[in-house]
Amino acid sequence: MAAVAFIGLGNMGSGMAANLVKAGHAVRAFDLSAEAVKRAGERGASAAASASAAVEGADAVVTMLPAGRHVRAVYEGEIFPAAKAGAILMDCSTIDVASARAVGEAAAQKGLDFVDAPVSGGVAAAEGGTLTFMAGGPEAAFRKAEPYLSKMGKAVIHAGEAGAGQAAKICNNMLLAIHMIGTCEAFALAQKLGLDPQKFFDISSKASGQNWSMTSYCPVPGPVPNAPSNRDYAPGFATAMMLKDLKLAMDAAQAAGASTPLGAQAEALYAMFDNLGGRERDFSGIYKLIDGSWRG
Ligand code: NAD
């Protein structure tokens, strides 16, 4: 049993911390929200008075925070000064590649082991311990992180050096946004051409247009019974989250000099859907914007 500091106990962190408790670890929980810390206490963690109090003497540290600025501030201000030699530090938040690299480099300079390890999978996967982790950092740090991450997920993949986990995450989600929008366009056109959506699904899911957005998450109600389209697009994966990831992808593309014309279009369309009231809806709800039936 190891002592694990867990910082950031929101929608995702709450279930992840509970899975570390279930695995037998002594979890010390900290969040700026006293309510979140209380909930973690009810799920078997012990409450820490501050991030640095949680980290002092801990064998492992997990952070699950909103954005790059929170991660930089918590690592620089609290975790680095308090971390014991040999502790493994894991940031599972989705943040910009530059911040992930900066935190990774600062950790290396201090002789601390750090991985950026963002996740694929939402709140249900965080609760169920079925997340996919994509990790960036030195091989030795990855080997130390893997036993902890595997208690919270079904797959843990080493993507490369510092920042590579975040790079993999935003490239994957940019691709997801593009094939979701493409799938929506195809279904909307099929319907306008008089095709029954189920018939189009039966054909395209066995033809070359087949993709995950269609076969696992169909944006039209009916063909995939557990998809958010069957519950009026209750998330799932909210549009606001998809838009955040697309902005990170576009910033990274600009910094790297990469050409991502469809990613840019996807960002523009998700920003429009967000502005028109789709923010809290599942990202597959953009179907209604594309077929013209969205009323906010
Ligand atoms: P959330 O807003 O529910 O939780 C974030 C928590 O961090 C909050 O409880 C907040 O109080 C806490 N926090 C902020 N600043 C802090 C600080 N300085 N010290 C301590 N605690 C602090 O967000 P979430 O949905 O749990 O997402 C967390 C991260 O996971 C984000 O980066 C998000 O992009 C990523 N993510 C979310 C999902 C999802 O479906 N929700 C899926 C994949 C990845």
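The model is a predicted one.

Tyr233 has a positive phi of about 65°, although Tyr233 is not a glycine. Asp232 is found in the loop between H10 and H11 too. Its phi is also positive, at about 55°, and Asp232 is not a glycine either. Most residues other than glycine have a negative phi, and most peptide bonds are trans. Asp232 has a relative accessible area of 46%, so Asp232 is partly exposed. A cis peptide bond joins Pro235 and Gly236, with omega at about 10°. Gly236 sits in the loop between helix H10 (212-215) and H11.

Now follow the chain into H11. How do helix H11 (residues 239-256) and helix H12 (residues 261-278) cross? Their axes come within 9 Å and cross at roughly 150°. H11 is therefore roughly antiparallel to H12, since angles over 145 degrees count that way. The crossing is left-handed. On the H11 side, the contact is made by Thr239, Ala240, Met242, Leu243, Leu246, Lys247 and Met250. On the H12 side, the contact residues include Gly263, Ala264, Ala266, Tyr270, Phe273 and Asp274.

Two of these contact residues lead elsewhere. Asp274 forms a salt bridge with Arg279, and the closest N and O atoms are 2.7 Å apart. Arg279 is partly exposed, with a relative accessible area of 41%.

The largest nonpolar core has 35 residues. Which residues have the most contacts inside it? They are Phe6, Met16, Met90, Cys92, Phe133 and Leu149. The largest share of this core is five residues, and that share comes from helix H7 (residues 139-149). In soluble globular proteins, nonpolar side chains tend to be buried together.

Take Cys92 as a way in. Leaving aside residues up to four places away in sequence, Cys92 touches Met16, Phe133 and Leu149, among others. Its contacts also include Val62, Thr63 and Met64. Ala117, Pro118 and Val119 are touched as well.

The axes of H4 and helix H5 (residues 97-109) come within 9 Å and cross at roughly 15°. H4 is therefore roughly parallel to H5, since angles under 35 degrees count that way. H4 passes H5 in a left-handed crossing. Gly68, Val71, Arg72, Tyr75 and Phe80 in H4 meet residues of H5. Those H5 residues are Ala98, Ser99, Ala102, Val103, Ala106 and Ala107.

In one of them, the side chains of Glu127 and Arg43 meet at 2.7 Å, N to O. This pair links distant parts of the chain, 84 residues apart. Glu127 is in helix H6 (residues 123-128), and Arg43 is in the loop between helix H2 (34-42) and strand E3 (46-47). Glu127 is partly exposed because its relative accessibility is 31%. Arg43 is partly exposed, with a relative accessible area of 33%.

Asp59 forms a salt bridge with Lys84, and their closest N and O atoms are 2.8 Å apart. The pair links distant parts of the chain, 25 residues apart. Asp59 is in the loop between helix H3 (51-55) and strand E4 (60-63). Lys84 is in the loop between helix H4 (68-82) and strand E5 (88-91). Asp59 counts as partly exposed at 27% relative accessibility. Lys84 is partly exposed at 32%.

Terms used:
Residues numbered from 1 in each chain as written. Predicted model: local features only at pLDDT ≥ 70, side-chain atom pairs only at ≥ 80, totals over all residues. Heavy atoms only, no water. Salt bridge = Lys/Arg side-chain N within 4 Å of Asp/Glu carboxyl O. Helix = DSSP H or I, 4+ residues; strand = E, 2+ residues; numbered from the N terminus. Buried < 20%, exposed > 50% of the residue type's maximum accessible area, 1.4 Å probe, protein only. Core = buried A, V, L, I, M, F, W, Y, C linked by side-chain atoms within 4.5 Å. Contact = heavy atoms within 4.5 Å. Axes fitted to C-alpha atoms, helices over the stretch in contact; angles between N-to-C directions. Parallel < 35°, antiparallel > 145°, perpendicular 65-115°, else oblique. Left-handed = near helix turned anticlockwise from the far one by under 90°.
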